[in-house]
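Here are some notes to read alongside the structure. Keep the 3D view open and find each part as you go.

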Amino acid sequence: MEEKKSPVYNVIAVPLEKVVANDYNPNVVAPPEMKLLELSIWEDGYTMPCVCYYRSDEDRYEIVDGFHRYMVMKNSKRIYEREKGLLPVAVIDKDISERMASTIRHNRARGTHLVELMSSIVAELTKSGMSDAWIIRNIGMSKDELLRLKQISGLAELFANGEFGRSEEWVEE
């Protein structure tokens, strides 16, 4: 029996111009999360390759998973330049129906953030001395979301060093 090797062990650097989106991905990312993804890639680099199918007849790589990571490079000049226009890609060789199923599996496997766990993270960051502005910028939250998570935790100490006023007076660092 032939030993199967996962595609992640053969990541290749593909010129962005050779990568194309598929026409069946139902996943949508809101603008704030796209900004956070761009920040994540800027700060941490590409830590996950895009998953693609190689279309040899066109010499193109069709995205199965990673469309938004691809879009970040396409739309962010600083990332495109730093990465020299090369997108990390793991190639799979599957027919169209299997690629569609793979796209959905990748999307659904990411899950969602549980409110209780996010509230705990906010509490820990606050206790560690991180400012609201730092949390908002680095975790990708809105001011309202941060406030809601602090309220959910029910810990008065999370508000101890805060100055309170009307929300339109709030200023980011």
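Predicted model: local features only at pLDDT ≥ 70, side-chain atom pairs only at ≥ 80, totals over all residues.

1. Look at the largest nonpolar core. This core has 17 residues. Val19, Tyr46, Tyr70, Leu87 and Val89 have the most contacts inside it. Nonpolar side chains tend to be buried together in soluble globular proteins.

2. Now pick out Tyr46. Leave aside its neighbours within four places in sequence. Tyr46 is then in contact with Ile41, Arg69, Val72, Met73, Ile79, Glu83, Leu87 and Pro88.

3. There is also a second, separate core, made of eight residues. Among them are Leu125, Ile136, Met141 and Leu146.

4. Turn to helices α6 (residues 132-139) and α7 (residues 143-153). Their axes come within 10 Å and cross at roughly 110°. Angles of 65 to 115 degrees count as roughly perpendicular, so α6 is roughly perpendicular to α7. The crossing of α6 and α7 is right-handed.

5. Which residues of α6 and α7 meet? From α6 come Asp132, Ile135 and Ile136. From α7 come Lys143, Leu146 and Lys150. Three residues of this contact are nonpolar and three are charged, with no polar ones. Ile136 and Leu146 take part here, and the second core includes both.

Notes:
Residues numbered from 1 in each chain as written. Heavy atoms only, no water. Axes fitted to C-alpha atoms, helices over the stretch in contact; angles between N-to-C directions. Helix = DSSP H or I, 4+ residues; strand = E, 2+ residues; numbered from the N terminus. Parallel < 35°, antiparallel > 145°, perpendicular 65-115°, else oblique. Left-handed = near helix turned anticlockwise from the far one by under 90°. Contact = heavy atoms within 4.5 Å. Nonpolar A, V, L, I, M, F, W, Y, C, P; charged D, E, K, R; others polar. Core = buried A, V, L, I, M, F, W, Y, C linked by side-chain atoms within 4.5 Å. Buried < 20%, exposed > 50% of the residue type's maximum accessible area, 1.4 Å probe, protein only.
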